Amino acid sequence: MSALLSIEGLKMYYDTQKGSVKAVDGVSFQLKKGESLGLVGESGCGKTSVAMSIMRLLAENARIISGHIYFDGKDLLTLSEKEMNKVRWKGISMIFQAAMNSLNPVYRVGDQIIEAIITHEPEVTFEQARERVKALYELVGLDPGRMDHYPHEYSGGMKQRAIIAMSLACNPQLIIADEPTTALDVIVQDMILREMARIQKKLNMSMIYISHDIAVIAEVAEKIAIMYAGKIVEFSDSKTIFKQPRHPYTIGLMSSFPSIRGSKKPLVTIPGEPPNLLNPPKGCRFAPRCPFATNVCLEKEPPYKEIDKEHFIACWHPQGVKRGAEDKDA
Amino acid sequence: MGKYIGKRLFQIVILLVIYIAVVFFILHAMPGGMKALFISNPRLTPEAQQAILKAFGLDKPPLTQFLIYMRNSFTLNFGVSFSHYPTPVWEIIKERLPRTALLFITATIISFLIGFHSGKVLAWKRGKAVEYVSTIGGVVAYTIFTPVLAFLLIWFFGAYLRLFPLNQFLNPDLWANTSFSSQVIFLRLLLTASIIGAVILVALILSYRLSHNIRSRRLIFYIPTISSVVIAVFIWWKSPYGIYGADILWHMVLPVVEVTIISYAGIMLVMRDSMLETVKEDFITTARAKGLPDRVVRDKHAARTALLPVITNFIISLGFTLSGGIITETLFSWPGMGLAMYEAVISHDYPLAAGCLIFTGIFVLFAHLVVDIVYAFLDPRIRY
């Protein structure tokens, strides 16, 4: 099966008065049809910038320096704005970070979904579109009677569900969910994520989840890409990432989240701060914070290579240790 | 909605009582008090003085006087004008109010439409030369001293180009031999404008109710709008009054331009600002991500939401526009409420001045009511 989405060497910089902020610096990954990928990293590591590059919804001062984004065989970066508008929502739809504010307050929620349907499928009548919204509401667990209500009449969880319904409106091949549940409480968060995973399986769509919370992502995504300072440092299926993380940063991330079932142990935080992307370190970007760093790490950038089957990593000193103690307890 | 309008009307009545009380207080605070102001005019005969004294209870204690004044105000009895003796104040206001209303409503609608659209387009073209030039132009128009603008307009269009007449609201030579008064024609003009306005409003509402397709919506809106205008022009053209109506409209152009320029700039600047804020909102990103054409994102999503603060600002500025109206009407000799008030003040015609003051207040309060109702339609978050 060939890849639905293939990103090759994407570099996207923000021009600021102080210079270029290298927000995305050589990101490559592939996503097959029906597959779900989790993009994980700290705030400001470029996750959202990758998503916005795919949608071509970048801020005015953002510049794509190089790279290709192939979606369904077409390079999105070469399309005209008009052609891109056809890909948006019909090919790739998106669930935004701030779902609370993603709906226009002055229009009925149902009408905002219908708008997307009719824009992309002009042959659909208003009544047919309403029927489809009704079905979508049922799919995401909302009362179809609420489609004529305004966003302020919805609760946070309902808005999130409505936005998921909206993202499904045109049967896209890929949905990018950027921190889809960050604004919700933990119980609703879990419900919504399971719902999304269920719908994704049912409709056989591809999905990119973006989150800073690796534990949340691991539940729903088949593959995980760990981003650090504008680069992907480790990429594999979520099981491998969880059981056998090889990159020191991934290992650090794992131990900075509590395990509910595991034994009580102090959470280990990663010392230091992510580098300033205006002027990133010369070698490995994680080297200044890495306990295993040597001279080569500070001097030369590690190549991004496959060390195991479907397990990519960018590190001079991959760590082979299993997270033994915790696994035994679990 | 009906309940809300009822509630607002009730509030307006309370505000009006307070407002009239303030006017009453001001009249009493003047040298000599209200008694001196209302009857101390050499033109009044002793009988007339007695009549006014009795009608306003000016020989009674202040509280009784206040209640009588309140009752008189609500029954439109404002006394007799000194300068137009013996015309009652209400007769003068009845004649002048429609003229001011037409002038301001026309200017407001034009400035709102232009200001809204230009502010919207400018914000969308942020950073381009057009934006800087227009914004600076807007700030100049917003801060210009009203009389200076009036003099510029009078000099350029009236005296230099001789495109527009300079004085009054009609051409006396033309009207010399007519059997009807100018007021008759003026009221018919006002009636025509109201009918066209109502048709446009109904067409707008129907276009949204009946159709979900942009093209058919436009048809439903534009066909009645254009045809009502064409029919109105045709009827005036064929009727013997056509030339007189045109004469009044011709005289109206410059004052309307003046008021339009002054209120346009404010609306444009606020709209531009509000639009710049709105485009940063997440739902604009959503609209773009949905693959909507640029124009739809701008007009349907950004401008529609950005409109709300503009309307709030507009309510606040209404009072200022009216006070600017006194200057405009005086400089263009447009015989409306503003000019009547100015003349009344200059000639110590206190009953007329007080009457004009009260009616200006009523006008502003009702304008607020209209804007509040419009706002409730535009913002679904406001429910009553």
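Of the 384 residues in chain B, 45% are buried. Keep in mind as we go that this is a predicted model. Chain B is built with 15 helices and zero strands, and its C-alpha atoms fill a box of roughly 80 × 50 × 40 Å along the principal axes. Among the contacts in chain B with a separation of 6 or more, 72% join residues 24 or more positions apart.

Now for the aromatic rings: the whole structure holds 21 aromatic pairs over all chains. Take B:Phe78 and B:Phe359, whose ring centres are 5.8 Å apart with planes at 75°, so this pair is edge-to-face. B:Phe78 sits in the loop between helix 4 (62–74) and helix 5 (89–124) of chain B, while B:Phe359 belongs to helix 15 (residues 350–378), 281 residues apart. Both B:Phe78 and B:Phe359 are buried.

The rings of B:Phe180 and B:Tyr241 are also edge-to-face, because their planes meet at 90°, with centres 5.0 Å apart. Here B:Phe180 lies in the loop between helix 8 (172–175) and helix 9 (182–210), and B:Tyr241 in the loop between helix 10 (214–238) and helix 11 (242–278), 61 residues apart. B:Tyr241 is partly exposed, at 24% relative accessible area.

Elsewhere, B:Trp155, B:Phe156, B:Phe157, B:Tyr160, B:Phe164 and B:Trp250 form one aromatic cluster.

Finally, look across to chain A. B:Lys300 lies over the face of A:Tyr107, 5.4 Å from the ring centre, and B:Arg304 lies over the face of A:Tyr107 at 5.9 Å from the ring centre.

Notes
Residues numbered from 1 in each chain as written. Chains lettered and ligands numbered in written order. Predicted model: local features only at pLDDT ≥ 70, side-chain atom pairs only at ≥ 80, totals over all residues. Heavy atoms only, no water. Helix = DSSP H or I, 4+ residues; strand = E, 2+ residues; numbered from the N terminus. Buried < 20%, exposed > 50% of the residue type's maximum accessible area, 1.4 Å probe, protein only. Contact = heavy atoms within 4.5 Å. Phe/Tyr/Trp six-rings, centres within 6.5 Å; stacked < 30°, edge-to-face > 60°. Lys NZ or Arg CZ within 6 Å of the ring centre and 35° of its normal.
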